[in-house]
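Dear colleague,

Please find the structure below, followed by my notes on what was found in it.

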Amino acid sequence: MKLFYYLLLPIILYGCSKSNDISDINGSIQEFVIESTILKDSYPIYVYLPYNYSNNTNNQLIIGLDGETRFNEIATLISEKVQHGKIASSVFIAIGNNQKRNRDYTPTAYAHGSGGANNFYQFIKNELIPELQSRYDIDPSNNKTLIGHSFGGLFTQYVMAQERTSNPFDKFIASGTSYWYDAGVIFEYEQAYANVNTDLDVSLYNGMGTLEGGVMLASFEEMNKRLASRGFPNFRHKSELITGSGHSGSAIEIFKKGLDYVFSN
């Protein structure tokens, strides 16, 4: 893995502009590029450190997908929630290179994706997280949070279905998950996990807008029913429909509600 700086911008920002404007953020922003040997590709990494970040604290790590489009809005939410004590002090990073999302976020090769989710997951586990832990004071436990929308939601639920021992995540926020992908292949991953496990010790917030298509809404309901039926003793799960919102419009509300839920006691 090669690593090089792209941009470093430590700043303190205050403001009262739109919710997805970076001037709403109280904290410091950094950016660097990491080159993956697993994926043979480079990724800009957008970093938010909260106003109370300290090198003497084991901060939570929250990872978001679609960094070029989602960093500002999620960092703004986290900044507000940390300031008001709603979530623990957290380092938030968003992974860029959105143009490769059809490769990186899809678990199988299909008409709209090339099935690179496993390699992308290995990159996060074995290259990105170790690099972040070398730069920032991050809790080393497998208690990290993953946030994704659409194909990013698909990847988020794919990661949740991976074996627990080496899985760095135990909190998941899935928004507008593309359940339709490859004839609902994500249900096969959920079933495969349930076939060989008696518990799923994670928290999941699963959200979708009510204006999504019928197939999406039916699949959303089916996945939530399946998960609830497993009887996993330590599984925390909340599903919610965002009234009057479509595919894109529901994301920010799902992220907001999801952060509240997965960080609640």
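Tyr-110, Trp-180 and Val-215 together make a nonpolar surface patch of about 290 Å²; such patches are made of residues with over 30% relative accessible area and no salt bridge, like charges being joined within 9 Å and nonpolar side chains (Val, Leu, Ile, Met, Phe, Trp, Tyr) within 5 Å. A salt bridge here is a side-chain nitrogen of Lys or Arg within 4 Å of a carboxyl oxygen of Asp or Glu, and accessible areas come from the Shrake-Rupley method with a 1.4 Å probe, with only the protein chains shown counting as cover for residues.

This is a predicted model, in which local features need pLDDT of at least 70 and side-chain atom pairs count only at pLDDT 80 or more, while totals for chains, interfaces and linings use all residues. Residues are numbered from 1 along each chain as its sequence is written, and side-chain values use heavy atoms, with hydrogens and water left out.

Val-215 lies in helix H6 (residues 214-229), helices being DSSP runs of H or I of at least four residues and strands runs of E of at least two, numbered from the N terminus. Val-215 is exposed, with a relative accessible area of 58%, where exposed means over 50%, buried under 20% and partly exposed in between (1.4 Å probe, protein chains only).

Val-202, by contrast, counts as buried at 2% relative accessibility, and is found in the loop between helix H5 (185-196) and strand E10 (203-209). The C-alpha atoms of Val-202 and Phe-172 are separated by 7.7 Å, although the two are 30 residues apart along the chain.

Best regards
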